[in-house]
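Please examine the sequence and the structure before reading the solutions.

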Amino acid sequence: MPDHSRDPAAAALEHDPEPGVGLAGTIREQVQRYAANRKQDAVRAVSDVAAGIREAGAAFADAPRLKAFFDNAAEGVDGLSEDIEHRTVGELYDEVEAAVRRRPGVALAAAAIAGFALLRFLKASTIRPVPRSHAVVPVDVLPVPDIGRRA
């Protein structure tokens with residue numbers, strides 16, 4: 001078992017508390033269940049990306065080299081999906097932490113791009129008011145009798 005004396009968060013993820021042992025045990029169980037569910041969501045999402053790549057490559061049936069490129073990329077993404085599925089949450093955490101320590105600049109750039117994409121997504125999902133200068137106000141014009149034509 002790895003030494004987690006310096007990293008209590010990773011130790012908490014791998015610790016298997018006895019069920020029903022106080023509030024801390026209940027919270028730990030819920031966090032572990034939540035992490036496992038999110039891991040399965042990530043596996044499904046990565047699998048869906050692989051299927052999308054494979055589907056996009058099917059359009060290049062007449063160009064075997066391009067199709068092979070797409071198939072190879074899809075196999076790589078499928079491998080990532082299987083790797084995520086077979087690892088524990090603690091192992092995934094350790095792997096991400098090691099990658100960030102090896103290349104902090106790349107991690108910072110990836111975080112900035114993800115934050116920018118999330119911001120754009122959140123801004124696009126809000127309902128924006130229409131400026132008055134662009135508003136189209138329907139006007140119902142009812143026929144008005146001509147006052148000057150009374151006989």
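**Exercise 1.** Determine how α2 and α3 are oriented relative to each other, and state which residues make the contact.

*Solution.* The model is a predicted one.

Step 1. Two packed helices are described by the angle between their axes and by the distance between those axes.

Step 2. For α2 and α3, the axes come within 8 Å and cross at roughly 170°.

Step 3. Angles over 145 degrees count as roughly antiparallel. Therefore α2 and α3 are roughly antiparallel to each other.

Step 4. On the α2 side, the contact is made by K39, Q40, V43, V46, S47, V49, A50, I53, R54, A56 and G57. On the α3 side, the contributors are K67, F70, D71, A73, A74, E75, V77, D78, L80, S81, I84 and E85.

**Exercise 2.** Classify S81 as buried or exposed, and identify which residues it touches when those up to four places away in sequence are not counted.

*Solution.* Step 1. S81 is found in helix α3, which spans residues 64-86.

Step 1. The relative accessibility of S81 is 4%. Buried means under 20%, so S81 counts as buried.

Step 2. Leaving aside residues up to four places away in sequence, S81 touches V43, V46 and S47. V43, V46 and S47 are also among the α2 residues that make the contact with α3.

**Exercise 3.** Describe the salt bridge between E97 and R101 and the one between D83 and R87, giving the accessibility class of each partner.

*Solution.* Step 1. The side chains of E97 and R101 meet in a salt bridge, with an N to O distance of 3.2 Å. Both residues lie in helix α4 (residues 89-102), where they are four residues apart, about one turn of the helix.

Step 1. E97 has 27% relative accessibility and counts as partly exposed. R101 has 62%; exposed means over 50%, so R101 counts as exposed.

Step 2. In the salt bridge of D83 with R87, the closest N and O atoms are 3.0 Å apart. D83 is partly exposed at 34% relative accessibility, and R87 is partly exposed at 24%.

Step 3. A search of the whole structure finds seven salt bridges.

**Exercise 4.** Locate R38, and state which residues are linked with it in a network of salt bridges.

*Solution.* Step 1. R38 is found in helix α2. At 38% relative accessibility, R38 counts as partly exposed.

Step 1. The network of salt bridges links R38, D41 and R44.

Step 2. R38 and V89 are 51 residues apart in sequence, while their C-alpha atoms are 9.7 Å apart in space.

**Exercise 5.** Which residues form a nonpolar patch on the surface, and what totals describe the chain?

*Solution.* Step 1. The patch consists of L23, I27 and V31, which together have about 290 Å² of accessible area. I27 is placed in helix α2 (residues 22-58) and counts as partly exposed at 45% relative accessibility.

Step 1. The accessible surface of the chain comes to about 12,600 Å², and 62% of it belongs to carbon and sulfur atoms. Of the 151 residues, 11% count as buried.

Step 2. The chain has five helices and zero strands. Among contacts between residues at least 6 apart in sequence, 46% join residues at least 24 apart.

Methods
Residues numbered from 1 in each chain as written. Predicted model: local features only at pLDDT ≥ 70, side-chain atom pairs only at ≥ 80, totals over all residues. Heavy atoms only, no water. Helix = DSSP H or I, 4+ residues; strand = E, 2+ residues; numbered from the N terminus. Buried < 20%, exposed > 50% of the residue type's maximum accessible area, 1.4 Å probe, protein only. Contact = heavy atoms within 4.5 Å. Areas by Shrake-Rupley, 256 points an atom, 1.4 Å probe, with all protein chains shown as cover. Patch = residues over 30% accessible without salt bridge, like charges linked within 9 Å, V, L, I, M, F, W, Y side chains within 5 Å. Salt bridge = Lys/Arg side-chain N within 4 Å of Asp/Glu carboxyl O. Axes fitted to C-alpha atoms, helices over the stretch in contact; angles between N-to-C directions. Parallel < 35°, antiparallel > 145°, perpendicular 65-115°, else oblique.
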